[in-house]
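Please keep the sequence and the model in view while reading.

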Amino acid sequence: MPVVIALHGGNGTAPRRARQMGFNEIGDREGFIAVYPQGVNYGWNDGRGTPEMLRRQENADDVAFFRALVGELRRLPEVDPRRIYIVGGSNGGMMTHRLACEIPEMFAGAVAMVASLPEPLRQTCRPQVSVPILMMNGTADPLVPYGGGNVGGAGATDQGRVIPAEETLAFWIKTNGCAGAPEETKAPDRDVEDGMRTDIRTWKSCRDGAQVSFFKMNGAGHGLPGRSRTKAALAEELGGRSTNDFDSSEEAWAFLKDFRR
């Protein structure tokens with residue numbers, strides 16, 4: 001069976017991510033295995049590389065960890081080694097970008113939610129193979145700014161920086177050798193009261209059969225789309241409202257399921 005590896009965000013846990021993303025239920029229906037790894041001190045060494053981030057994550061070699069994890073999964077008789085996917089949100093989404101940069105050959109596809117490319121990786125990210133990738137970014141995200149900058153908000157200085165979401169998108173379009181204009185659609189406006197609409201752009205003519213897809217969530221903040229309906233008041237105050245026009249986990253699987261490495 002295929003495998004979806006789902007990464008929690010900063011200060012997150014694997015069991016909480018399992019409840020939030022619901023990949024167990026989707027996997028039961030669709031026939032895939034969900035895997036929820038746990039990061040050192042509730043986070044991932046995603047490439048932002050500030051002294052505080054490295055201290056907090058104990059300078060963990062998480063790229064080596066995922067290389068080993070995928071190696072273990074590939075040896076299991078239940079697993080299709082050509083269909084191992086990586087999905088993450090926030091800190092887990094930035095780690096997803098880093099893994100797509102550094103060990104893309106290990107994954108048949110990637111999904112990064114409310115996350116952009118950490119700034120230091122702009123100079124070092126040189127994938128040797130194409131990797132299908134779906135990004136979901138909110139234009140009103142105060143924690144991972146759509147226009148790039150300090151992670152955690154304007155006043156934060158110790159959590160590193162990301163490049164703009166549109167530059168991250170352009171990077172993956174170029175890296176994957178995508179050509180021509182994208183297909184452009186909108187997600188259905190299922191929650192008309194939230195005042196948010198999502199523009200979808202997808203590049204299908206990419207090298208080695210890869211694709212790049214981008215969900216621009218206009219007016220949305222920091223949260224898993226369709227999976228943050230019960231967001232705590234403090235979390236909404238810090239991260240803003242999330243769109244419920246689509247289910248991020250369902251869209252992630254719909255994007256990933258046809259790709260093979």
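## Strands, helices and loops

Strand E9 (residues 197–203) and strand E10 (residues 212–218) pair in the antiparallel sense, and seven bridges join them. Within this pair, Arg-197 has Asn-218 in E10 as its bridge partner. The model under discussion is a predicted one.

E9 and E10 belong to an open sheet of eight strands, whose order is E2-E1-E3-E4-E5-E10-E9-E8 and whose pairing is mixed. Strand E2 (33–35) and strand E8 (183–186) are the edge strands, each of which pairs on one side only. On average, and with direction ignored, neighbouring strands of this sheet are turned by 15° against each other.

| Strand pair | Sense | Bridges |
|---|---|---|
| E1 and E2 | parallel | three |
| E1 and E3 | parallel | five |
| E3 and E4 | parallel | five |
| E9 and E10 | antiparallel | seven |

Ile-5 has Val-35 in E2 as its bridge partner. Val-3 stands opposite Ile-84 in E3, and Ala-6 has Val-87 in E3 as its bridge partner. Val-87 in turn has Val-111 in E4 as its bridge partner.

How many of the five residues of E1 are buried? Five of the five are, so E1 is largely enclosed by the rest of the structure. In a regular strand, side chains alternate between the two faces of the sheet. In E1, Val-3, Ile-5 and Leu-7 point one way, Val-4 and Ala-6 point the other way, and all are buried. E3 is likewise described as mostly covered, with six of its six residues buried. Ile-84, Ile-86 and Gly-88 point one way from E3, whereas Tyr-85, Val-87 and Gly-89 point the other way; all are buried.

**Helices against the sheet**

Helix H1 (residues 14–21) lies across strand E1 (3–7), strand E3 (84–89) and strand E4 (109–113), and runs at about 115° to E1. Helix H9 (residues 248–256) lies across E1, E3, E4, strand E5 (133–138) and E10, and runs at about 155° to E4.

Which residues of H1 are buried? They are Ala-14, Arg-17, Ala-18 and Met-21. Seen down the axis of H1, these buried residues fall within an arc of 105°, so they line one face of the helix. The buried residues of H1 pack against E1, helix H2 (23–30), E3, E4 and H9.

In H2, the residues Phe-23, Ile-26 and Gly-27 are buried. Seen down the axis of H2, its buried residues fall within an arc of 100°, so they line one face of the helix. The face of H2 turned away from its buried side carries Glu-25, Asp-28 and Arg-29, which are exposed. The cover over the buried residues of H2 includes E1, H1, E2, E3 and H9.

**A pair of helices in contact**

Helix H4 (residues 62–74) and helix H5 (residues 91–102) pack at an angle of about 75°, and their axes are 11 Å apart. That angle makes H4 roughly perpendicular to H5. Asp-62, Val-63 and Phe-66 in H4 meet Met-95, Arg-98, Leu-99 and Glu-102 in H5. By class, this contact of H4 with H5 has four nonpolar, no polar and three charged residues.

**Positive phi angles**

Tyr-42 is not a glycine, yet Tyr-42 has a positive phi of about 65°. Tyr-42 is found in the loop between E2 and helix H3 (51–56). Is Tyr-42 buried or partly exposed? With a relative accessible area of 46%, Tyr-42 is partly exposed, because residues count as buried under 20% and as exposed over 50%, with partly exposed in between. Asn-59, which is not a glycine either, has a positive phi of about 50°, and Asn-59 lies in the loop between H3 and H4.

Definitions and conventions. Residues numbered from 1 in each chain as written. Predicted model: local features only at pLDDT ≥ 70, side-chain atom pairs only at ≥ 80, totals over all residues. Heavy atoms only, no water. Axes fitted to C-alpha atoms, helices over the stretch in contact; angles between N-to-C directions. Helix = DSSP H or I, 4+ residues; strand = E, 2+ residues; numbered from the N terminus. Parallel < 35°, antiparallel > 145°, perpendicular 65-115°, else oblique. Contact = heavy atoms within 4.5 Å. Nonpolar A, V, L, I, M, F, W, Y, C, P; charged D, E, K, R; others polar. Pairing = 2+ DSSP bridges. Buried < 20%, exposed > 50% of the residue type's maximum accessible area, 1.4 Å probe, protein only. Arc of directions from axis to C-beta.
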